[in-house]
Amino acid sequence: MEKKIAVIRGDGIGPEIVAEAIKVLDAVAARYGHTFTYDEVDMGGVAIDKWGEPLPAAMLDKCLAADSVLLGAVGGPKWDGLPGAQRPEKGLLALRAGMGLYSNLRPAKLWPQLADASPLKPSIVAKGIDFIVVRELTGGVYFGQHKTETVDGQQVATDVMPYSEAEIERIGRIAFETARKRRHKVTSVDKANVLDTSRLWRSVMHRLAAEYPDVEYADMLVDNTAMQIVKDPSQFDVVVTENMFGDILSDEASMITGSIGMIPSSSLGEGTRGLYEPIHGSAPDIAGQNKANPIGTILSAAMMLKYSFGMEEEYAAIEAAVHAVLDAGKRTGDSMAAGCTQVTCSEMGDAIVAAL
Ligand code: IPM
Ligand code: MG
């Protein structure tokens, strides 16, 4: 197959981790007879510095013209002082919206080799951690109206959190369909004891649950979910939730698996063109030091092969290579443990290529 991949290296550790993912993609292309071409896209802080805005229209167009998009990370202290609408993160939100990517899948799966790195007690970890957060990605408070005004001499800030039935239904369907390919269980997370958006969310989910009688369904309040994730993560299979709750819970979910550096994500809309990125940020504190864990990005590239290009075998080969390298005791600093060998970001990429 021939595929054109838009590549957003981004800020902080972004360029380092993306370079390793491209190494792995090239190795897969050579082994399976594919041709991947890369189109470089500026987004985030780097685009602000070069073009004066976080996602210039021409850059979004490049992404829309590609078969899929691979992203490292955006943001950093250099741009923290900018107003909200001009920040690097705004580029990412605009990209998700511009590509219509409403469905964000974030697997939280324990790598057995990293069990010791989980901050949870061994007795909890032993019950297994294998669930997926299905996060609504283009609605809710991140996309509602934002304003800061002066009222009676003091500043008042407002962020609006809108959700329509259609937005809830389409992400709900993704969750139920995903559960059918897994352990047939959906937990829908909301704050229906307080929020109107959550009450609407719950009523739409109940309507859908009736359409999927083969899938076990439960509602859970978001505060309780935050607690249950650390108390007994083995109870979850598919967790579906709105944008901000999903942002928060997916960080929590990743941490209990040992390292946020290991977790990939896919963002998809109606077609097969997606955006694939690790769930972690740009880690400015270790940027440029060849220390970052590239595995989350490498697995994101693997997800692209599977979900956007239908390359199941290639996906499995990358996953197996990651297992082999972890089995051999190679670790980047974030997941380093006694008895293992610490490697750099690029050494980790090379080791995964060698294992392929
Ligand atoms: C994520 C990030 C982003 C989000 C930020 C960078 C806008 O935290 O992908 O989880 O909140 O969606
Ligand atoms: Mg986040």
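What follows is a conversation about the terms applied to this predicted model.

Modeller: The model is predicted, so to speak, by convention with limits: local features need pLDDT of at least 70, side-chain atom pairs count only at pLDDT 80 or more, and totals for chains, interfaces and linings use all residues. Residues are numbered from 1 along each chain as its sequence is written, chains are lettered from A and ligands numbered from 1 in the order in which they are written, and side-chain values use heavy atoms, with hydrogens and water left out.

Colleague: What makes the protein as compact as a globular protein of its length?

Modeller: The protein holds twelve helices and 14 strands, where helices (H or I, at least four residues) and strands (E, at least two) are DSSP runs numbered from the N terminus. Its radius of gyration, taken over C-alpha atoms, is 20 Å, close to the 21 Å that the globule rule gives for 356 residues, so the protein is as compact as a globular protein of that length; the rule is 2.2 Å times the number of residues to the power 0.38.

Colleague: Why is threonine 187 called buried?

Modeller: Buried means under 20% relative accessible area, exposed over 50%, and partly exposed in between (1.4 Å probe, protein chains only). Threonine 187 has a relative accessible area of 3%, and is therefore buried. This residue of strand β8 (residues 185-190) is in contact, meaning heavy atoms within 4.5 Å, with Ala218, Met220, Phe236, Val238, Val239 and Val240, leaving aside neighbours within four places in sequence.

Colleague: And why is histidine 146 called partly exposed?

Modeller: The relative accessible area of histidine 146 is 41%, so the residue is partly exposed. Histidine 146 lies in strand β6 (residues 146-151) and touches Val141, Thr158 and Asp159, not counting residues up to four places away in sequence.

Colleague: What makes α10 mostly covered?

Modeller: Twelve of the 14 residues of α10 are buried, including Ile295, Leu299, Met303 and Ser308. After α10 comes glycine 310, whose phi is positive, near 70°.
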